[in-house]
Amino acid sequence: MPTKTTDFHVLMLGKRGTGKTTMLAVLWDQLENLMNTRLGYFESPFSTSKFFGEALEKLRTMFLTPGTSVGLGIEGTDESKELEIALKTHGHEKPHLRLRFWDYSGGLLNTTGVERSDEALFQRKLDLAQMIFIIVDAPALMEHNGLFNSSRNSPETIRKIIRNKTLKGATNVLFVVTRAEKYIRDNQREEIYKRVEDSYKKLINDLAINNSVGNICIVETLGSIVLDELLIKKTEEGEMYPQYSFKKISENATHSPRDTTIPLKLLLDTAIETSYSTRRKESEGFNWLRDILERDKELIDILNHLRTITTKDSSVSSFRALAPANNTQSQSTTNINSNSNSSFY
Ligand SMILES: Nc1nc2c(ncn2[C@@H]2O[C@H](COP(=O)(O)OP(=O)(O)OP(=O)(O)O)[C@@H](O)[C@H]2O)c(=O)[nH]1
Ligand SMILES: [Mg+2]
């Protein structure tokens, strides 16, 4: 029974158009289907539901264009947005847990760092973040031998702007590779891992200093829209930029996300475990009483249910753990394909 709500803060980082909002909207959509309604439910404030609902509508509209061409998709997020999802159980007014996402506008990330006017707010959100999602654009990583990786994914800038967190203490970082449908079909997951590990090498080394958690996953947030080509264009000043074109895999293709349960599992696992241990820490010395009264049972039942269900439909090849082996948190969150029915506690 929750007497208080614990917040779990997630910072979404990635350049413009890499797929941050798309991924969050798809995760939000999947949550409802994941839960056993007997155990509990997820609930969002109207502003969050409206934002995600509209984003999903636009993603689905992309598939309605005739032939194999695709529609425009969602517009960029010009101003960073706070989005919330609460985990509730029946008969309790207060949620157990509130997931709080800061969907950082990629437009505010420039070549040297964060827009000056946004620095203070960014710093506050970074300090709060208990998990950082770094969204990596797969075509920039893979096409033309990674020619646009530095401008589109900015691994150096990302490392720099989170460094005062990664160097201060353990940080939980999840690299989510998006727009990867083409490479998954071409069996190039290994090459993607290699390139992520290579281009974010310095950041990954920073994570090792404090025994942080680092994982990579490759998702298909649209599923049946693949990169057609990435052309090298030049501005009047002679500066190169990429021009992407995507196509549907068939005329009748529909929105069919795949492997998005991997980031969802990692997120929910970590958030629920954190909520559980925060509660137990606060009642230290009296946890035997908590156990007799089964105060944490609802949360543990939900965690075990979510672990089982998210494990079922995710492919193990779309996940790679980077964290040091002796990190207990990473051990419990990386076991994607083990069928864990039993309690972890
Ligand atoms: N094929 C494919 N397209 C994707 C994927 N993720 C995003 N897209 C498309 O890429 C476009 C940009 O995605 P957004 O989610 O708006 O990107 P963002 O990171 O939120 O961008 P900003 O808000 O500008 O920072 C959308 O039109 C999506 O349809 C993916 O995994 N696969
Ligand atoms: Mg966005």
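Does M240 count as buried, partly exposed or exposed, and how many C-beta neighbours does M240 have inside 10 Å? M240 has 12 such neighbours and therefore counts as exposed, where a residue is called buried if 20 or more other C-beta atoms lie within 10 Å of its own, exposed if 12 or fewer, and partly exposed in between, with C-beta atoms placed from the backbone.

The structure is a predicted model, in which local features need pLDDT of at least 70 and side-chain atom pairs count only at pLDDT 80 or more, while totals for chains, interfaces and linings use all residues. Residues are numbered from 1 along each chain as its sequence is written, and chains are lettered from A and ligands numbered from 1 in the order in which they are written.

**View 1. M240 in strand β9.** M240 lies in strand β9, which covers residues 240–248; here helices (H or I, at least four residues) and strands (E, at least two) are DSSP runs numbered from the N terminus. Leaving aside residues up to four places away in sequence, M240 touches I232 and K234, where contact means that two C-beta atoms, placed from the backbone, lie within 7 Å. The C-alpha atoms of M240 and K88, which are 152 residues apart along the chain, are separated by 49 Å.

**View 2. L222 in a loop.** L222 lies in the loop between β7 and β8 (225–234), and it counts as buried because it has 27 C-beta neighbours inside 10 Å. Not counting residues up to four places away in sequence, L222 touches L59, E181, H255 and P257. The C-alpha atoms of L222 and K248, 26 residues apart along the chain, are separated by 9.9 Å.

**View 3. The surroundings of ligand 1.** Ligand 1 is surrounded by 26 residues, of which the closest are G19, G73, G76, T77 and G106; a residue is near a molecule if its C-beta atom, placed from the backbone, lies within 6 Å of it. Helix α1 (residues 20–34) supplies the largest share of this shell, three residues. By class, the shell has seven nonpolar, 14 polar and five charged residues, where Ala, Val, Leu, Ile, Met, Phe, Trp, Tyr, Cys and Pro count as nonpolar, Asp, Glu, Lys and Arg as charged, and the others, Gly among them, as polar.

**View 4. One side of helix α12.** The buried residues of α12 are L299, I302, L303, L306, R307 and T310. They cover an arc of only 135° around the axis, which puts them on the same side of α12; the arc is that of the directions from the helix axis to the C-beta atoms. An α-helix has 3.6 residues a turn, so residues three or four places apart point the same way. What covers the buried residues of α12 includes α1 and α10 (261–282).

**View 5. The largest nonpolar core.** This core has 79 residues, and those with the most contacts inside it are V10, M12, F133, F175, V176 and V177; a nonpolar core is a set of buried Ala, Val, Leu, Ile, Met, Phe, Trp, Tyr and Cys residues joined through C-beta atoms within 7 Å. Helix α10 gives the most to this core, with seven residues. Beyond residues up to four places away in sequence, V177 touches V136, A138, I192, V196, I216, I218 and V219.

**View 6. N145 and its positive phi.** N145 is found in the loop between α4 (138–142) and α5 (149–153). Phi of N145 is near 55°, a positive value in a residue other than glycine.
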